[in-house]
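Good morning, everyone. Please have the viewer open, and follow along as I talk.

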Amino acid sequence: MIPHSKPTIDKNDAELLSQVMLSGQIAQGEKVADFERQMARFIGVKGCVATSSGTAGLHLSLIALGIGQGDQVLFPTYVCAALLNAVNYVRATPVLVDINPRSFNLDVCDLKAKLTPKSKAVILPHMFGLPADIDEIMALGIPVIEDCAQAVGATFQKKPVGSFGTLAVFSFYATKVMTTGEGGMVASHSQALLEKLKDLREYDEKDNYRLRFNYKMSDLQAALGLAQLARLADFVSQRRKTADLYSASLKGFAVDLPQESEDRRHIFFRYVIRAKRPLAAILRSFEQRGVCCRRPVHKSLHRFLGLSGFPWTEEVSKSALSLPIYPSLKDEETKKVIEAAQGILRYCL
Ligand SMILES: Cc1ncc(COP(=O)(O)O)c(C=O)c1O
């Protein structure tokens with residue numbers, strides 16, 4: 001069975017980790033500081049603060065912005081529950097927004113309609129690796145936390161995602177574009193916000209008491225992160241090559257293919273198509289042919305909360321299908337995915 005996703009780790013990574021392990025310095029230290037500096041340089045921001053996960057990064061970002069009870073935080077409903085959790089951790093009020101069915105990103109019209117004087121921040125994921133409408137959303141004048149968990153290396157108007165928002169959060173979970181096993185990073189241009197994040201991330205050796213966390217990354221993870229960052233450009237070009245092959249092979253079939261406009265560069269964390277026939281049967285057919293495909297979002301957030309009024313998300317949830325795409329996908333596996341997709345989707349007309 002061809003897995004839906006897989007980390008890209010090689011022997012060099014294993015050697016690096018064994019060196020760090022044997023050095024005796026494995027907790028947060030110089031490797032983490034180096035990873036933060038290199039990520040900041042790559043994104044083009046003043047600084048970065050490494051965290052234990054993307055969720056931890058979101059949580060600390062909301063606290064650093066002073067968001068709490070009575071404040072509203074807006075974000076799309078078509079995303080994983082990490083965003084809803086982070087907003088609930090600080091006891092703010094989640095306000096869910098519908099998406100654009102072509103880009104899978106937050107719908108700016110619905111966002112504007114839902115803004116109130118209590119709206120204190122927008123969390124803006126760049127879904128599946130395609131940059132969202134960050135310029136229009138920044139122009140609204142409300143703090144934006146860019147969620148780059150799925151989009152490290154993507155660009156909007158030739159500038160890296162993560163360089164636009166008040167804060168930007170990255171995830172290095174095992175199957176993300178680059179990985180540290182588990183891990184995250186928060187980027188910002190604001191020295192004051194970076195200082196707050198650093199203070200909140202760890203509890204030890206402080207002179208005053210306030211609620212703080214243990215959200216640190218280890219030097220072991222950072223060593224892997226540095227090696228992955230050095231290979232990121234390669235990872236992205238391999239993902240784009242596979243995406244080009246998929247798109248060329250599925251043109252003319254009864255599916256909507258992923259979009260990429262001139263002003264933004266997709267990194268294809270996910271290759272998501274929209275089928276025109278019930279998904280459950282399609283997923284089963286792929287499985288029978290040895291290819292693991294997935295719904296790219298397990299369950300949209302308004303469904304968890306029993307809310308209605310998200311017609312585009314409903315539409316997309318019924319039709320969106322994610323094909324395996326990662327740098328370690330071999331040529332013969334790519335071919336097998338294409339043959340399976342062509343065979344299955346031919347009958348969707
Ligand atoms: C868009 C988005 N935001 C945040 C997260 C949370 O990241 P983590 O799993 O590192 O906590 C994820 C993880 O899957 C994600 O896809």
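Start with F128. With 24 C-beta neighbours inside 10 Å, F128 counts as buried, because 20 or more is the cut-off for that label. Keep in mind that this is a predicted model. Where does F128 sit? Find the loop between β4 and α6, which covers residues 134–138. Now look at the backbone. F128 is not a glycine, yet its phi is positive, near 60°. Here is the background. Most residues other than glycine have a negative phi.

Next, F104. Its phi is positive too, about 70°, and F104 is not a glycine either. Look for F104 in the loop between β3 and α5, residues 108–114. Is F104 buried or exposed? F104 has 27 C-beta neighbours inside 10 Å, so it counts as buried.

**The seven-stranded sheet**

Now the strands. A reminder first. Strands of a sheet pair through backbone hydrogen bonds, either parallel or antiparallel. Here, seven strands form an open sheet with mixed pairing. Read the order with me: β1-β9-β8-β5-β4-β2-β3. Which strands are at the edges? They are β1, residues 47–51, and β3, residues 93–97, and each pairs on one side only. On average, neighbouring strands of this sheet are turned by 20° against each other, ignoring direction.

Let us go to β4, residues 119–125. Five of its seven residues are buried, so β4 is largely enclosed by the rest of the structure. Take its partners in turn. Strand β2, residues 72–76, runs parallel to β4, and three bridges join the two. There, L74 stands opposite V122 in β4. Strand β5, residues 144–147, also runs parallel to β4, this time with four bridges. In that pair, L124 has E146 of β5 as its bridge partner. One general point about side chains. In a regular strand they alternate between the two faces of the sheet.

How do β1 and β9 pair, parallel or antiparallel? They pair in the antiparallel sense, over five bridges, with β9 covering residues 184–188. C48 has A187 in β9 as its bridge partner. Helix α7, residues 191–201, packs on this sheet. Helix α7 touches β1, β8 (167–171) and β9, and its direction makes about 20° with that of β1.

Strand β6, residues 155–156, is joined to β7 by two bridges. F156 has K159 in β7 as its bridge partner.

**Helices**

Start with α1, residues 11–23. How many of its 13 residues are buried? The number is one, so α1 lies largely in the open. Now check its length. At 1.5 Å a residue, α1 should span 18 Å, and its end C-alpha atoms are 18 Å apart, which agrees. After α1 comes G24, with a positive phi near 90°.

Two helix pairs next. Helix α2 (residues 30–43) packs against helix α8 (residues 219–230) at an angle of about 30°, their axes 8 Å apart. That makes α2 roughly parallel to α8, because angles under 35 degrees count as such. The crossing of α2 past α8 is left-handed. The contacts on the α2 side include V32, F35 and M39. On the α8 side, A222, L226 and L229 are among them. A reminder here. An α-helix has 3.6 residues a turn, so residues three or four places apart point the same way.

The second pair is helix α3 (residues 54–64) with helix α4 (residues 82–89). Their angle is about 35°, and their axes are 9 Å apart. This crossing, α3 past α4, is right-handed. Among the residues that meet are L58 and L62 in α3, and L83 and V87 in α4.

**One last loop**

Finish at G290, in the loop between α10 (279–288) and α11 (301–304). With 12 C-beta neighbours inside 10 Å, G290 counts as exposed. What does G290 touch, beyond its neighbours within four places in sequence? It is in contact with M1, I2 and K336. From G290 to S18 is 272 residues in sequence, and 35 Å in space, C-alpha to C-alpha.

Notes:
Residues are numbered from 1 along each chain as its sequence is written. This is a predicted model: local features need pLDDT of at least 70, side-chain atom pairs count only at pLDDT 80 or more; totals for chains, interfaces and linings use all residues. The expected span of a helix is 1.5 Å times one less than its number of residues. Two strands pair if DSSP finds at least two bridges between them. Axes are lines fitted to C-alpha atoms, for helices over the stretch in contact, and angles run from 0 to 180 degrees between N-to-C directions. Two residues are in contact if their C-beta atoms, placed from the backbone, lie within 7 Å. Angles under 35 degrees count as roughly parallel, over 145 as roughly antiparallel, 65 to 115 as roughly perpendicular and the rest as oblique. A crossing is left-handed if the near helix is turned anticlockwise from the far one by less than a right angle, and right-handed if clockwise.
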